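Please look over the sequence and the 3D structure shown here. The report below takes up pairs of helices, sheets, the ligand and some details of the backbone.

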Amino acid sequence: MSRVVVVGAGIGGCFAALSAKNTDPDADVHLLAVKPDRYRYEPGTVDVLGSVPDEEKPVVRPTERIGALPAEHPYKLVGEEGVNRALDYLDDVLRYRGTDRNALAPTVTGGIRPTYRYPAAVAAGLVSSQRPMHIVGLESVTHLDAELAAERLDSALPFDVNASTVEFPVDSPETPPLEGFAQTLDENSDTTEGTPVREALARRVRPALDIEARVGFLPVLGLAAHDEIRTELESRLQADVFEIPVGEPNLLGIRLREQLFDAVEAAGVELTRASVTDCSTVGGSIRSVSVDGADSQRTIEGDAFVLATGGVAAGGLVGTGTEVIEPIFDCPVDYPDTHREWAAEGPLDDHAFARFGVDVTPSLKPSVDGDPVFENLFSAGSVLGGYNFVEEGARTGVAVVTGYEAGRRAVDR
Ligand SMILES: Cc1cc2nc3c(=O)[nH]c(=O)nc-3n(C[C@H](O)[C@H](O)[C@H](O)COP(=O)(O)OP(=O)(O)OC[C@H]3O[C@@H](n4cnc5c(N)ncnc54)[C@H](O)[C@@H]3O)c2cc1C
């Protein structure tokens, strides 16, 4: 029986663990999660490829453009067939929607974002459907200026986009209050006037609606009872209801975490909340990792390991001011020599830091000068270099595709 240890439980790590178990149901797969709270930032959609470097036209069918990517791009390393295989597997794991074409979803700033797979909560807001749309802002929540977003969308789209801002019917003690609002909608608790909160919210939104066939909210429409809440609001508003992803805390990302962790548990993957601090090696192989648990330190042995610890923000890569390191396995990281070159001038320019990451072989083994650093270490997600997550709109897609491939190879090696 093969023992696979996956370090990091973001999307890349979860897909690596699921894929290892899917490839060999008898494999003993251990997933080590320090703080899966980064899902609070996830958009909850799967963006596979929005644009190809040096091309102005947006990508329509991501899987048809793999060949146009640079040789070191993770998708190019995995190959078109591998990308397709991983995306088919994504459809087995997540109850998401989409076709072979990118869908276009509105953003809170009134922009439009290409995405490949999306949850039902996002579906009614896609701008490829040309039905008039109404966006609802909430007083006390600064994540969305509904009127401004609607004005921008209205000027860019061939249908009407209107907006209104209402006060949420109950208070939440939290700042920002999004999770508190979601909880009251889950519980459908009463307002001070004794009206159930879902009905009270619909009553506040209804007078502002004209002919709009769909209504967009901030992602506050519950966690446990999300489908039920959306259905009830749709019936009360006589319109389709959707959510627009926001920055933290994004309930669309939190719902994605719930789905992935349920899938991990159902697959029989062992999940341990622990931080990996170090590894022990024998020759060119890793033998074990050391973990700091809640109240103990221990080592976990494995036959193969997957590095899925994310980029700089997640702690998978650490910038010291003069160098960038990968702290667990000490894999070499590719970055410009002088600190000045790490970032470009403008916020939306081509920043070198967006490409920082470990170099890998075509089988996703971290490498130096093309040779694997360890024969039994694979890697997945944003710890990888060779792609620009901002420019290409390829973020979650890379985590899914390389996670799937790394997990499969870790078992199959
Ligand atoms: C602010 C923000 C905006 C985003 N916007 C988009 C977007 O617009 N479109 C899109 O598709 N995707 C977006 N994403 C998603 C993101 O870019 C990637 O899809 C995804 O986060 C990459 O997953 P990952 O598994 O590689 O890394 P992460 O999600 O970062 O997960 C890595 C995990 O490893 C853990 N870890 C780190 N070190 C250790 C250790 N020593 N021991 C144990 N565990 C460890 C971390 O705590 C973390 O849980 C966004 C993410 C963020 C944070």
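## Helices α1 and α8

At roughly what angle do the axes of α1 and helix α8 (residues 251–266) cross? In this predicted model, the two axes cross at roughly 25 degrees and come within 10 Å. Angles under 35 degrees count as roughly parallel, so α1 is roughly parallel to α8. The crossing of α1 and α8 is left-handed.

On the side of α1, the contact is made by Cys14, Ala17 and Leu18, and on the side of α8 by Leu260, Ala263 and Val264. By class, this contact of α1 with α8 has six nonpolar residues, no polar ones and no charged ones.

## Helices α2 and α10

Two packed helices are described by the angle between their axes and the distance between the axes. For helix α2 (residues 74–93) and α10, the axes come within 8 Å and cross at roughly 90 degrees. Angles of 65 to 115 degrees count as roughly perpendicular, and α2 and α10 are therefore roughly perpendicular to each other.

Which residues meet where α2 and α10 are in contact? From α2 come Pro74, Tyr75, Val78, Gly82, Val83, Ala86, Tyr89 and Leu90. They meet Val398, Val400, Val401, Thr402, Tyr404 and Glu405 in α10. The residues of this contact divide into 11 nonpolar, two polar and one charged.

## The parallel sheet

Strands of a sheet pair through backbone hydrogen bonds, either parallel or antiparallel.

Strand β5 (residues 133–138) runs parallel to β6, and six bridges join the two. Gly137 stands opposite Thr165 in β6.

## The antiparallel sheet

Another open sheet is formed by three strands in the order β10-β11-β12, and the pairing is antiparallel. Why is one side of β10 and one side of β12 (297–301) left without a neighbour in the sheet? These strands stand at the edges, and each has a single partner strand. Neighbouring strands of this sheet are turned by 25 degrees against each other on average, direction ignored.

Five bridges join strand β11 (residues 285–292) to β12, and the two run antiparallel. The bridge partner of Val289 in β12 is Ile300.

## Around the ligand

Which residues come nearest to the ligand? Of the 32 residues around the ligand, these are Gly8, Gly10, Gly12, Gly310 and Gly381. The elements that give two or more residues to the shell are α1 (11–23), β10 (275–282) and α10 (395–412). By class, the shell has 15 nonpolar, 12 polar and five charged residues.

## Details of the backbone

The peptide bond from Glu248 to Pro249 is cis, with omega near -5 degrees.

Although Ser140 is not a glycine, it has a positive phi of about 80 degrees.

Terms used. Residues numbered from 1 in each chain as written. Predicted model: local features only at pLDDT ≥ 70, side-chain atom pairs only at ≥ 80, totals over all residues. Near = placed C-beta within 6 Å. Helix = DSSP H or I, 4+ residues; strand = E, 2+ residues; numbered from the N terminus. Nonpolar A, V, L, I, M, F, W, Y, C, P; charged D, E, K, R; others polar. Axes fitted to C-alpha atoms, helices over the stretch in contact; angles between N-to-C directions. Parallel < 35°, antiparallel > 145°, perpendicular 65-115°, else oblique. Left-handed = near helix turned anticlockwise from the far one by under 90°. Contact = placed C-beta atoms within 7 Å. Pairing = 2+ DSSP bridges.
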